Amino acid sequence: MKNLLPILTVLAAIAALWYAAVAPMNIRGALDIAERGGAEVVPAESIARFDRSVWRLMIDNPEYIAAGYALERPRLPTPGQVGAELWKTTGDMALRGRALSKRSLIYHGWITLQSTLWGFALGTILGMAGAVAIVYSRVVDMSLMPWAIISQTIPIVALAPMIIVLSSQVGIEGRTVPKAIISAYLCYFPVLVGMVKGLRSPGEAQLDLLRTYSASGLQAFLKLRLPASMPYLFTSLKIGIAAALVGTIVGELPTGAISGLGARILIGDQFGTPLAIWAALFAAAILAGALVTLLDVMQRVTLKRMGMQT
Amino acid sequence: MQDQTNAPVPDRSTTKPVISAKSLDLTFETNDGPVHALSGVDLDIGKGEFVSFIGPSGCGKTTFLRCIAALETPTGGTLTVNDMTPDEARRARAYGYVFQAAGLYPWRTIEKNIALPLEIMGYSKAEQDERIARVLDLVELSNFGKKYPWQLSGGMQQRASIARALAFDADILLMDEPFGALDEIVRDHLNEQLLDLWARTEKTIGFVTHSIPEAVYLSTKIVVMSPRPGRITDVIDSPLPKERPLDIRDTPEFLEIAHRVRDGLRAGHAYDD
Ligand SMILES: Nc1ncnc2c1ncn2[C@@H]1O[C@H](COP(=O)(O)OP(=O)(O)OP(=O)(O)O)[C@@H](O)[C@H]1O
Ligand SMILES: [Mg+2]
């Protein structure tokens with residue numbers, strides 16, 4: 001694989017930058033701990049250190065830089081620490097048969113994945129239905145499209161708590177439904193836009209051909225517009241599922257949620273355990289990567305079976 | 001024509017024309033003002049005729065074919081196809097159309113592309129297979145049925161699109177420069193096959209070409225057109241017999257008609273300057 005080298009190079013560069021950033025980010029914490037342990041640091045009081053830049057602190061206390069790489073509650077954990085935390089809350093727990101314990105990220109990831117898939121399904125159906133309506137009706141095109149665009153300009157973090165409150169008002173128990181709605185809200189838009197583009201992709205010549213056969217509107221849809229839209233559909237599904245995951249996590253952030261990766265991020269923030277936040281963040285990224293990759297494979301297989309070059 | 005007795009043209013006093021245009025006008029309203037694509041076009045095409053349209057680029061050949069196919073609506077005059085409006089004739093699936101570009105669907109194999117009109121018109125699966133095999137053989141693509149369009153050369157794609165138009169039983173075949181992209185030898189071969197097919201099926205064919213020999217070789221009637229506004233400058237009823245081997249192209253009769261077509265084309269250009 002000749003792609004592997006550039007990918008690894010970029011990864012190595014990111015890791016190197018990250019490691020380098022740990023030193024200035026954690027020097028204060030390291031010095032605080034050292035001071036409490038009775039060691040000599042410059043300057044001695046934490047109030048005085050507050051006014052010093054991290055660079056100055058590093059120059060004055062070079063022997064404590066290394067300690068910043070092994071803090072229990074680092075401001076910025078090292079990739080190694082994040083990896084260890086991730087392993088501790090996933091693989092390690094699974095090995096000990098506690099994969100679905102409330103402390104395991106597998107459990108929380110599963111909760112998030114469920115809502116994401118529900119939201120993705122809902123958003124995809126809405127997006128495709130909207131696209132068909134837009135392509136076949138000028139009136140819908142002119143009345144629906146502006147609202148679809150406006151809907152995406154409203155910050156989802158502002159909307160999410162409202163959706164949660166409203167859905168509990170109408171008697172919906174738990175978070176699964178409101179989370180799925182928030183996630184569908186983010187997901188339907190890329191699907192809508194992609195499908196509109198895809199359904200409109202056949203040229204006049206291809207439509208003329210069907211006209212000479214006196215094909216019905218349904219036949220034109222099934223035999224021309226739908227197959228022609230497939231490459232567009234898969235591209236927007238990949239964007240859509242990533243958006244659905246973001247929506248779910250945002251839906252798990254407002255206080256009250258106790259499970260899901262978003263709730264882990266929030267709880268980690270409240271309890272001052274940055275490692276937990278980072279582990280949850282990485283779990284979310286890995287989940288997103290896996291979902292997008294899955295859709296990518298489905299795209300390749302489908303288009304190949306349709307005989308289209310990709 | 002003194003030679004009228006030899007002509008294969010059906011006697012038009014008894015047969016009604018299949019396609020009849022009377023002072024047909026079509027003006028496209030464009031941003032740069034109106035474009036007179038067709039102006040005062042009068043033409044009758046009888047059943048079983050092979051009519052070629054020839055003329056400089058932009059003289060309205062494609063536009064006239066599209067009017068017959070109800071893909072364009074004339075802005076003046078009358079046009080009937082099988083005694084119906086073009087739109088009714090289209091809904092009655094009266095014609096097959098071969099476009100200037102092959103326009104095969106990239107997600108369908110050649111077979112499936114040919115099956116497209118058959119599926120739409122509701123032929124049974126067995127009937128579809130039988131017809132696909134027959135027309136693939138006709139355009140000599142039998143070994144390529146399972147291939148996708150991008151695996152074929154441009155000329156092969158064009159042959160596939162002809163096969164697609166021949167797969168169903170339409171009495172009228174409209175062809176817009178179908179052989180423009182082919183080399184001379186294949187073109188000769190397909191011309192022969194087209195004549196053969198025309199003789200066997202008695203289809204009425206409207207055929208656009210830029211090639212004088214092709215027009216003369218194929219047609220019972222040659223329509224010479226000129227641009228700005230698009231109109232008919234000459235209609236030549238061919239005295240050549242229906243049976244036409246390729247070497248008929250060296251006979252004096254053939255060359256005489258070719259001359260007349262060329263003169264017609266020249267006149268159109270002179271008018272233009
Ligand atoms: N949809 C359209 N809108 C505006 N003008 C058009 C349209 N279609 C054709 N025309 C114009 O009508 C005239 C006739 O075009 P047409 O395509 O019938 O020519 P043609 O004889 O087929 O030419 P060619 O030999 O190059 O194919 C041209 O001037 C063209 O620019
Ligand atoms: Mg043309």
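Where is the place of B:Ser23 in chain B? B:Ser23 sits in strand S1 of chain B, which covers residues 19-30. Keep in mind that this is a predicted model.

The phi angle of B:Ser23 is near 35 degrees. That is a positive value, and the residue is not a glycine.

Chain B has another backbone feature to look at. B:Arg228 and B:Pro229 are joined by a cis peptide bond. Omega there is about -10 degrees. Find B:Pro229 in the loop between two strands of chain B, S8 (221-226) and S9 (231-237).

Now, the two chains together. How many residues of chain A are in contact with chain B? There are 19 from chain A, and they touch 23 residues of chain B. Between them, the chains bury about 2,000 Å². Carbon and sulfur atoms hold 61% of that area. Three residues stand out on the chain A side: A:Thr212, A:Tyr213 and A:Lys223. They supply 34% of the area that chain A buries against chain B, more than any other three residues.

Next, charges. Over all chains, the count is 27 salt bridges. Across the interface of chain A and chain B, there are 2. Take B:Arg66 and A:Asp208. Their side chains meet in a salt bridge, at 2.8 Å from N to O. B:Arg66 belongs to helix H1 of chain B (residues 61-68), and A:Asp208 to helix H10 of chain A (residues 204-212), so this pair joins two chains. Then look at A:Lys223 again. Its side chain forms a salt bridge with that of B:Glu119, also listed at 2.8 Å, N to O.

On to helix packing, inside chain A. Two packed helices are described by the angle between their axes and by the distance between the axes.

Start with H4 (residues 79-89) and H13 (residues 274-305) of chain A. Their axes come within 9 Å and cross at roughly 75 degrees. Why call them roughly perpendicular? Angles from 65 to 115 degrees count that way, so H4(A) is roughly perpendicular to H13(A). H4(A) brings A:Gln81, A:Val82, A:Glu85 and A:Leu86 to the contact. From H13(A), the residues include A:Trp278, A:Phe282 and A:Ile286. By class, this contact has 9 nonpolar residues, 1 polar and 1 charged.

The other pair is H7 (residues 138-151) and H9 (residues 176-199) of chain A. Here the angle is about 135 degrees, with the axes 10 Å apart. H7(A) and H9(A) are therefore oblique to each other. Their crossing is left-handed. On the H7(A) side, the contact is made by A:Met145, A:Ala148, A:Ile149 and A:Ser151. H9(A) answers with A:Tyr185, A:Tyr188, A:Phe189, A:Leu192 and A:Val193. How many charged residues does the contact of H7(A) with H9(A) have? It has no charged residues, 1 polar and 8 nonpolar.

Technical notes: Residues numbered from 1 in each chain as written. Chains lettered and ligands numbered in written order. Predicted model: local features only at pLDDT ≥ 70, side-chain atom pairs only at ≥ 80, totals over all residues. Heavy atoms only, no water. Axes fitted to C-alpha atoms, helices over the stretch in contact; angles between N-to-C directions. Helix = DSSP H or I, 4+ residues; strand = E, 2+ residues; numbered from the N terminus. Parallel < 35°, antiparallel > 145°, perpendicular 65-115°, else oblique. Left-handed = near helix turned anticlockwise from the far one by under 90°. Contact = heavy atoms within 4.5 Å. Nonpolar A, V, L, I, M, F, W, Y, C, P; charged D, E, K, R; others polar. Buried area = accessible area lost by both parts, 1.4 Å probe. Salt bridge = Lys/Arg side-chain N within 4 Å of Asp/Glu carboxyl O.
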